[in-house]
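Reader: I have a model open and would like to talk it through with you. Could you take me from the overall picture down to single residues?

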Amino acid sequence: MMISTSFIIQSCSERGANPVSNNQRQFKNLYSYVGQEHNEGLSYIFQRLTRSGISVASKASEGSLLSDVQNYGITFLQSKGQGELSISQFITASEAPFHPSKLKVSSVSAGSLSSEQMGYIRNIYTLVDSLSAQDSAQFFFSLNTIEEQAYNTLGPDSSAIVLMVASVAQSSASYWAANYQNWEEALSATNSNQRVDVVDSVKVPTEPPGSGNGSGIGGAIGPIVGADVGGAVTGALGAIATGCAELTLGACAGAGATAGALGGSAGQAITDIWQYLTYAQYGANDLPGRSLLLNSSREGE
C-alpha cells in the first residue's frame, strides 16, 4: 500500500510560534504527538524499572531485563488505547538490537515509500548520525528544516510519514540528552539507596538541550535515536500493512510509529547500557555471553 496516497490528515499550513532559537521560527508539525507519546512511554518504563528495583546486577541476562521493559511498555501502550497491532510493532522494534537486520531502512519493501519520501528519511538518518558532533540547537533547527521542506514538497498526505519520523527524532534526542545518565545510574545501582529520583513526567523542552552554548548532544545517545527513527519507520509501515480498521490510515500509522519508536528506543538503550555496565564489571576479554531468553522469559511471567 502506498503511504504517499493513504494518509487522511489535516492541513499543516500553520506555522508554530515556539522558538528553536531566539531568531528562528519553528515549523508546526501536526505529528508532534508521536514523539511526545514516545517520551511519555520512556518515562513510564523508567518509573517502573526504578520502583521495582531492577538493575543489571539483578538480572541473569540481557533478555530477562528486556522482558521486563517489554511488559512495562505493553502496559503503557494499553493505557493509551493501543491494540495488538501496535504492541506487535513495539515488541519487534524492542528486539531489533538482538536482530539488527529487522529494522534496517534499506529492508523496507519496494513500493512502500516513494523515492522522495525515502530521501527525506535518509536525510533524517544522516542528521542523527552526526549527533555526537552537532551543536544541539543546530541539530533541532536542521531537523525542523527537513520537516518544512518535506511538507512543502510532498504535500500533507505524502509528507506524513516523514513528519512522524522527524517528530520521533526530535523528541528522542531531547529525552535522551536529559535522561540517559539517569537510566545508566538507575540500572547500575545495587540497592534502593543508590537509585536516582523518579521523575513523574518528561516534557520535550522548547529550547533544545545545550541551545546556544555550542555543546554537542553526545555520542552515547546517537545509536538510540537512530533506533527510534528505524522503529518509527517500520512501525508506521507495519501498522498500515496489517491494518487498523477502527482508525483513519494516518492515525493508524501514527500509532504504529509511536509503538515502534518506543520499542526501538527502550531496546537499544537497554542493550547499550547492559553492554557498558558488564564491560565495566568484567573487562573486554571476559564479557558474559548474551543470553537470548526472550521467549522463555516472557512465557514464565
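Author: Let me begin with the contacts in the protein with a separation of 6 or more: residues 24 or more positions apart account for 79% of them, where contact means heavy atoms within 4.5 Å. This is a predicted model, in which local features need pLDDT of at least 70 and side-chain atom pairs count only at pLDDT 80 or more, while totals for chains, interfaces and linings use all residues. Residues are numbered from 1 along each chain as its sequence is written, and side-chain values use heavy atoms, with hydrogens and water left out.

Reader: OK, and how many helices and strands are there in the protein?

Author: The protein has 10 helices and 2 strands, and read from the N terminus the order of the elements is α-β-β-α-α-α-α-α-α-α-α-α. Helices (H or I, at least four residues) and strands (E, at least two) are DSSP runs, numbered from the N terminus.

Reader: What percentage of the residues count as buried?

Author: Of the 301 residues, 53% count as buried, where buried means under 20% relative accessible area, exposed means over 50%, and partly exposed lies in between (1.4 Å probe, protein chains only).

Reader: Let's go to helix packing. At what angle do helix 7 and helix 8 pack?

Author: Helix 7 (residues 160–188) and helix 8 (residues 222–242) pack at about 150 degrees, and their axes are 9 Å apart. The axes are lines fitted to C-alpha atoms, for helices over the stretch in contact, and the angles run from 0 to 180 degrees between N-to-C directions. Helix 7 and helix 8 are therefore roughly antiparallel to each other, given that angles under 35 degrees count as roughly parallel, over 145 as roughly antiparallel, 65 to 115 as roughly perpendicular and the rest as oblique.

Reader: Which residues make that contact, on helix 7 and on helix 8?

Author: Helix 7 contributes I161, V165, V168, A169, S172, A173, W176 and Y180, and helix 8 contributes I224, V225, D228, V229, A232, V233 and A236. By class, this contact of helix 7 with helix 8 has 13 nonpolar, 1 polar and 1 charged residues. Here Ala, Val, Leu, Ile, Met, Phe, Trp, Tyr, Cys and Pro count as nonpolar, Asp, Glu, Lys and Arg as charged, and the others, Gly among them, as polar.

Reader: And how do helix 2 and helix 3 cross?

Author: The axes of helix 2 and helix 3 come within 9 Å and cross at roughly 125 degrees, and that makes helix 2 oblique to helix 3. Among the residues in the contact are E40, Y44, I45, R48 and L49 of helix 2 and V69, Y72 and F76 of helix 3. The residues of this contact divide into 7 nonpolar, 3 polar and 3 charged.

Reader: What about helix 3 with helix 4, at what angle do they pack?

Author: Helix 3 and helix 4 pack at about 155 degrees, with their axes 10 Å apart, and they are therefore roughly antiparallel to each other. Their contact includes V69, G73 and L77 of helix 3 and I87, F90 and I91 of helix 4. By class it has 7 nonpolar, 5 polar and no charged residues.

Reader: Switching topic: how many salt bridges does a search of the whole structure find?

Author: The search finds 2 salt bridges, a salt bridge being a side-chain nitrogen of Lys or Arg within 4 Å of a carboxyl oxygen of Asp or Glu. One joins the side chains of K80 and E40 at 2.8 Å, N to O. K80 lies in the loop between helix 3 (62–79) and helix 4 (84–94) and E40 in helix 2 (residues 32–51), so the pair ties together parts that are 40 residues apart in sequence.

Reader: How accessible are K80 and E40?

Author: K80 is partly exposed at a relative accessible area of 39%, and E40 is partly exposed at 34%. D68 forms a salt bridge with K59, with the closest N and O atoms 2.5 Å apart, and D68 is buried at 10% relative accessible area.

Reader: Last one, G35: which residues does it touch?

Author: G35 sits in helix 2 and counts as buried at 0% relative accessibility. Not counting residues up to four places away in sequence, G35 touches S167, V168 and S171. The C-alpha atoms of G35 and V165 are separated by 8.3 Å, although the two residues are 130 residues apart along the chain.
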